[in-house]
Amino acid sequence: MGQKVNPTSFRLVRNKRWRSKWYANKNEFGDMLIEDQVIRSYLEKKLAVAGVSSIRINRMSGKIEVTIVSARPGLVIGKKGAEIEVLKKELSAMTKKEVWVAVEEIKRPDTDAKVVADGIAKQIERRIPFRRAMKKAMQSAMDAGAHGVKVQVAGRIGGAEIARTEWYKEGSIPLHTLRTDIDYAPSCARTPYGCIGVKVWINRGEDNLVKKEG
């Protein structure tokens with residue numbers, strides 16, 4: 001009892017997909033893994049205000065295809081695609097390979113766990129009361145069509161001496177039901193008195209595969 005598993009890895013193949021798609025032998029695997037991490041870290045830092053949900057990487061014979069899933073694609077693309085070209089050049093210089101960059105828009109940002117978690121973290125950094133930020137995010141997600149939401153924050157909340165964990169839940173979050181599409185994401189609020197962790201679980205309902213089968 002009490003053993004936890006990451007909701008995304010738990011549902012891989014069923015209704016989640018790998019964030020990186022490529023094959024490598026033993027000698028290349030470590031270098032490619034580190035390269036993926038460097039690309040993601042760079043893009044997350046550069047596009048911090050663009051509401052980036054995920055970064056998918058696909059490798060094909062010396063070329064790298066990077067797909068940025070964002071709530072604000074206009075900020076990623078820039079005027080007449082200028083920002084995309086800059087990203088391509090910078091990533092090509094970092095990896096010494098040809099890089100393609102594509103952008104996908106999130107249709108409903110309020111039901112995307114990463115966007116919600118980052119939003120709560122930014123509000124905590126701006127000293128907005130954490131309970132208000134959590135409840136507002138949960139209400140927005142439920143209004144946008146989510147079947148359930150759970151939000152948890154942990155750390156020196158409100159600058160308290162002792163770290164603690166607080167969480168709120170609304171609706172249904174069946175974490176053991178594989179056919180349920182649970183979107184999960186962690187984030188971090190960097191405050192003057194330490195880092196505060198934020199975790200968000202959003203139930204988007206049963207996946208399309210099950211609905212077709214049923």
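These exercises work through salt bridges, strands and surface patches in the structure above.

The model is predicted: local features need pLDDT of at least 70, side-chain atom pairs count only at pLDDT 80 or more, and totals for chains, interfaces and linings use all residues. Residues are numbered from 1 along each chain as its sequence is written, and side-chain values use heavy atoms, with hydrogens and water left out.

**Exercise 1. Salt bridge from K16**

Task: Find the salt-bridge partner of K16 and state whether the two residues are buried or exposed.

Solution: 
- Start with the criterion. A salt bridge is a side-chain nitrogen of Lys or Arg within 4 Å of a carboxyl oxygen of Asp or Glu.
- Apply it. K16 pairs with D181, with the closest N and O atoms 2.9 Å apart.
- K16 sits in the loop between α1 (7–10) and β1, D181 in strand β7, and the two are 165 residues apart. Helices (H or I, at least four residues) and strands (E, at least two) are DSSP runs, numbered from the N terminus.
- Check the cover. Both K16 and D181 are buried. Buried means under 20% relative accessible area, exposed over 50%, partly exposed in between (1.4 Å probe, protein chains only).
- Widen the view. K16 and D181 belong to a salt-bridge network with D112, D183 and R204. The whole structure has 15 salt bridges.

**Exercise 2. Two further pairs**

Task: Work out which parts of the chain are tied together by K46 with E90, and by E206 with R179.

Solution: 
- Take K46 and E90. Their side chains meet in a salt bridge at 3.7 Å, N to O.
- K46 is in helix α2 (residues 26–46) and E90 in helix α4 (residues 82–95), so this pair ties parts that are 44 residues apart in sequence.
- K46 is partly exposed at 36% relative accessibility. E90 is partly exposed at 29%.
- Now take E206 and R179. The closest N and O atoms of this salt bridge are 2.9 Å apart.
- E206 is in strand β8 and R179 in the loop between β6 and β7, so the pair ties parts that are 27 residues apart in sequence.
- E206 counts as partly exposed at 34%, and R179 does so at 40%.

**Exercise 3. Strand pairing**

Task: State in which sense β7 pairs with β8, and β3 with β4.

Solution: 
- Two strands pair if DSSP finds at least two bridges between them.
- β7 and strand β8 (residues 194–206) are antiparallel, over eleven bridges. T191 has G194 as its bridge partner in β8. A hairpin of two residues joins β7 to β8.
- Strand β7 (residues 180–191) is mostly covered, with nine of its twelve residues buried.
- Strand β3 (residues 63–70) runs parallel to β4, over eight bridges. K63 has E98 as its partner in β4.
- β3 and β4 belong to an open, mixed sheet of four strands in the order β1-β2-β3-β4. Its edge strands are β1 (20–21) and β4 (98–105), each pairing on one side only.

**Exercise 4. Surface patches**

Task: Name the residues that form the positive patch and those that form the nonpolar patch.

Solution: 
- Patch residues have over 30% relative accessible area and no salt bridge; like charges are joined within 9 Å, nonpolar side chains (Val, Leu, Ile, Met, Phe, Trp, Tyr) within 5 Å.
- The positive patch consists of R72, K122, R126, R132 and K136. K136 lies in helix α6 (residues 130–143) and is exposed at 56%.
- The nonpolar patch, about 240 Å², consists of V5, F10 and L178. L178 is in the loop between β6 (164–171) and β7, and is partly exposed at 37%.

How values were computed
Accessible areas come from the Shrake-Rupley method with a 1.4 Å probe; for residues, only the protein chains shown count as cover. Lys and Arg count as positive and Asp and Glu as negative; His and the chain ends are not counted. The place of a charge is taken as NZ of Lys, CZ of Arg, CG of Asp or CD of Glu.
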